[in-house]
Amino acid sequence: MSTNIKVLFFASAREAAGDITSVDLELDAGADTASLRKLLAELYPKLAPMVLDEENLTLALNEEYVADGQILPLKTGDIIALIPPISGG
């Protein structure tokens with residue numbers, strides 16, 4: 001059985017993924033946020049340096065931030081947002 005999720009790309013993550021705003025992905029059953037990071041790095045090589053480094057890209061699972069080092073299971077219907085650091089000035 002597979003897990004179907006939606007991934008939303010914001011700011012520099014969107015640019016690195018080729019200017020896409022979202023993608024629907026089918027993952028293996030038992031997928032988690034760590035395996036999702038690896039898959040996104042494979043699918044979008046320009047995004048890899050960002051998505052594989054938790055300090056460079058924060059994940060939000062269903063509008064809740066995922067803490068650095070935290071690995072959460074994914075289930076069908078989940079929405080993951082890729083949120084790069086926000087710089088101000």
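Leaving aside neighbours within four places in sequence, which residues is Arg37 in contact with? Contact here means heavy atoms within 4.5 Å, and the residues are Met50, Val51, Leu52, Asp53, Glu54, Leu57, Thr58 and Leu59. The structure is a predicted model, in which local features need pLDDT of at least 70 and side-chain atom pairs count only at pLDDT 80 or more, while totals for chains, interfaces and linings use all residues. Residues are numbered from 1 along each chain as its sequence is written, and side-chain values use heavy atoms, with hydrogens and water left out.

Arg37 lies in helix 2, residues 33-43. Helices (H or I, at least four residues) and strands (E, at least two) are DSSP runs, numbered from the N terminus. Arg37 is buried and yet has no salt bridge. Buried means under 20% relative accessible area, exposed over 50%, and partly exposed in between, with a 1.4 Å probe and protein chains only. A salt bridge requires a side-chain nitrogen of Lys or Arg within 4 Å of a carboxyl oxygen of Asp or Glu. For Arg37, the nearest side chain of opposite charge is Glu54, at 4.5 Å; Lys and Arg count as positive and Asp and Glu as negative, with His and the chain ends not counted.

Five strands form an open sheet in the order 2-1-5-3-4, with mixed pairing. Strand 2 (22-28) and strand 4 (64-65) are at the edges with a single partner strand each, so one side of each has no neighbour in the sheet. Helix 2 packs on this sheet and touches strand 1 (2-9), strand 2, strand 3 and strand 5. The direction of helix 2 makes about 120 degrees with that of strand 2, where axes are lines fitted to C-alpha atoms, for helices over the stretch in contact, and angles run from 0 to 180 degrees between N-to-C directions.

Two strands pair if DSSP finds at least two bridges between them. Strand 1 and strand 2 run antiparallel and are joined by seven bridges, with Ser22 of strand 2 as the bridge partner of Leu8. Strand 1 and strand 5 run parallel, joined by four bridges, and here Lys6 stands opposite Ile79 of strand 5. Strand 3 (residues 58-61) and strand 5 (residues 79-83) are antiparallel, again with four bridges. Across from strand 5, Leu59 faces Leu82 and Thr58 faces Ile83; both Thr58 and Leu59 are also among the contacts of Arg37. Strand 5 itself is mostly covered, with four of its five residues buried.

Side chains along strand 1 alternate. One residue of each group takes part in a side-chain pairing described below.

Side chains of opposite charge can pair when their charged atoms come close. Two salt bridges are found in a search of the whole structure. In one, the side chains of Lys6 and Asp24 meet at 3.3 Å, N to O. Because Lys6 belongs to strand 1 and Asp24 to strand 2, this pair ties together parts that are 18 residues apart in sequence. Lys6 counts as partly exposed at 28% relative accessibility, and Asp24 counts as exposed at 56%. The side chains of Asp78 and Lys75 also meet in a salt bridge, at 3.0 Å, N to O. Here Asp78 counts as buried, at 3% relative accessibility, while Lys75 counts as exposed, at 52%.

Rings of Phe, Tyr and Trp (its six-membered ring) pair if their centres lie within 6.5 Å; planes under 30 degrees apart count as stacked, over 60 as edge-to-face and the rest as tilted. By this rule the count is one aromatic pair. Phe9 and Tyr44 form this edge-to-face pair, with 5.5 Å centre to centre and 75 degrees between the planes. Phe9 lies in strand 1 and Tyr44 in the loop between helix 2 and helix 3 (48-51), so the pair ties together parts that are 35 residues apart in sequence. Phe9 counts as buried at 1% relative accessibility, and Tyr44 is buried with a relative accessible area of 15%.
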